[in-house]
Amino acid sequence: MTMYTQLYNRLSFGWNTVKIDMSAARRDPLPIVPFGLAAFATTLFALGLALGTTIAVGMLFFIQMKIILRNKTSIESWIEEKAKDRIQYYQLDEVFVFPYDMGSRWRNFKQVFTWSGVPEGDGLEWPVREGCHPYSLTIEQLKQKADKRVRSVRYKVIEDYSGACCPLNKGIKTFFTSPCTEEPRIRLQKGEFILATRGLRYWLYGDKILDDSFIEGVSRIRGWFPRKCVEKCPCDAETDQAPEGEKKNR
């Protein structure tokens with residue numbers, strides 16, 4: 001009520017015209033705190049912070065409850081989405097069933113919130129849905145990794161790249177669309193070959209194809225690099241066109 005009264009009076013009669021008579025407030029106490037301009041501005045700022053925190057924590061609570069009811073983390077949801085995409089892409093006669101979703105939101109909820117305070121499972125093994133086993137998710141991830149290698153495209157480096165996060169010499173669009181991720185950038189030299197597995201409009205992500213001249217112990221060099229620095233190898237460009245009817249429209 002204090003903030004409402006102060007805000008109404010100051011907006012109606014001006015910020016500096018509202019005078020607070022402290023002696024009158026002491027003689028006739030009202031359920032309103034007598035604020036000056038500085039105290040009013042500070043309190044209004046604090047209310048804004050409290051409201052923003054309430055909204056942010058409320059959204060986090062909603063996301064966490066959705067994860068609990070589905071018994072599925074955000075990464076696991078992403079794996080399931082890729083599984084459906086893989087099955088649709090190759091038109092396979094199979095259905096991926098997420099093993100830790102017990103089929104009932106109430107059963108999923110009870111796995112986390114128990115009367116004993118100890119969730120089900122020992123941290124390594126958890127109850128799985130009927131028809132699944134503890135390695136169902138692992139097997140699907142291995143299938144996706146194999147599919148990722150099949151779908152990868154070979155590129156040849158045509159421009160050197162220093163590995164900078166936001167390179168200025170590769171174009172203004174490349175500079176401003178740098179991927180917001182902790183994944184590394186890789187240094188490129190003209191003539192090298194890259195096996196790209198995913199990408200954005202101006203960036204690609206992939207593995208550098210190593211040869212025997214590299215130092216032992218370095219198994220993979222992978223990361224982001226500007227699309228402008230590479231060109232698709234002619235052999236891969238020809239095989240990109242899949243036979244008619246091989247893919248299902250998505």
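This report walks through the fold, cores, surface and salt bridges of a predicted protein model.

Residues are numbered from 1 along each chain as its sequence is written, and side-chain values use heavy atoms, with hydrogens and water left out. Because the model is predicted, local features need pLDDT of at least 70 and side-chain atom pairs count only at pLDDT 80 or more, while totals for chains, interfaces and linings use all residues.

## Overall picture

Let us begin with confidence. The protein chain has a mean pLDDT of 81, and 78% of its residues reach 70 or more; pLDDT is the predictor's confidence in each residue, from 0 to 100. Over residues 241–250 pLDDT stays under 50, and the model has 14 contacts beyond four places in sequence for this stretch. Contact here means heavy atoms within 4.5 Å.

The protein chain holds 8 helices and 5 strands, which are DSSP runs numbered from the N terminus (helices: H or I, at least four residues; strands: E, at least two). Along the sequence, the pattern reads α-α-α-α-α-α-β-α-β-β-β-β-α. Taking contacts between residues at least 6 apart in sequence, 66% join residues at least 24 apart.

Of the 250 residues, 24% count as buried. Buried means under 20% relative accessible area, exposed means over 50%, and partly exposed lies in between (1.4 Å probe, protein chains only). The protein chain exposes about 18,200 Å², with carbon and sulfur atoms supplying 59% of that area. Accessible areas come from the Shrake-Rupley method with a 1.4 Å probe, and for residues only the protein chains shown count as cover.

## Two nonpolar cores

A nonpolar core is a set of buried Ala, Val, Leu, Ile, Met, Phe, Trp, Tyr and Cys residues joined through side-chain atoms within 4.5 Å. The largest one has 15 residues, and those with the most contacts inside it are Tyr155, Tyr161, Leu188, Ile194, Phe225 and Val230. At least two residues of this core come from each of strand S1 (153–157), strand S2 (193–199), strand S3 (203–208) and strand S4 (222–226).

Leaving aside residues up to four places away in sequence, Phe225 touches Tyr161, Ile186, Leu188, Ile194, Trp203, Leu204, Tyr205, Gly206 and Val230. A second, separate core has 7 residues, including Ile87, Phe96, Tyr100 and Leu137.

Helix H3 covers residues 37–70 and contains Ile55. Ile55 counts as partly exposed because its relative accessibility is 48%.

Ile63 is also in helix H3, and its relative accessible area of 39% makes it partly exposed. From Ile63 to Thr73 the separation is 10 residues in sequence and 9.9 Å in space, C-alpha to C-alpha.

Asn71 sits in the loop between H3 and helix H4 (74–90). Although Asn71 is not a glycine, it has a positive phi of about 55°; it is buried, at 17% relative accessible area. Gln91, in the loop between H4 and helix H5 (105–112), likewise has a positive phi of about 55° without being a glycine. Gln91 is partly exposed, at 44%.

## Salt bridges

Side chains of opposite charge can pair when their charged atoms come close. The structure holds 10 salt bridges, each a side-chain nitrogen of Lys or Arg within 4 Å of a carboxyl oxygen of Asp or Glu. Three of them, among those present, are listed here.

| Glu94 | Arg86 | 3.2 Å |

Glu94, in the loop between H4 and H5, and Lys143, in helix H6 (residues 136–151), link distant parts of the chain, 49 residues apart. Glu94 is partly exposed at 32% relative accessibility, and Lys143 is partly exposed at 37%, whereas Arg86 is buried at 6%.

Glu159 and Lys170 are 11 residues apart, both in the loop between S1 and helix H7 (172–176). Glu159 is partly exposed at 28%, while Lys170 is buried at 7%. Finally, salt bridges that share partners join Arg86, Glu94, Glu140 and Lys143 into one network.
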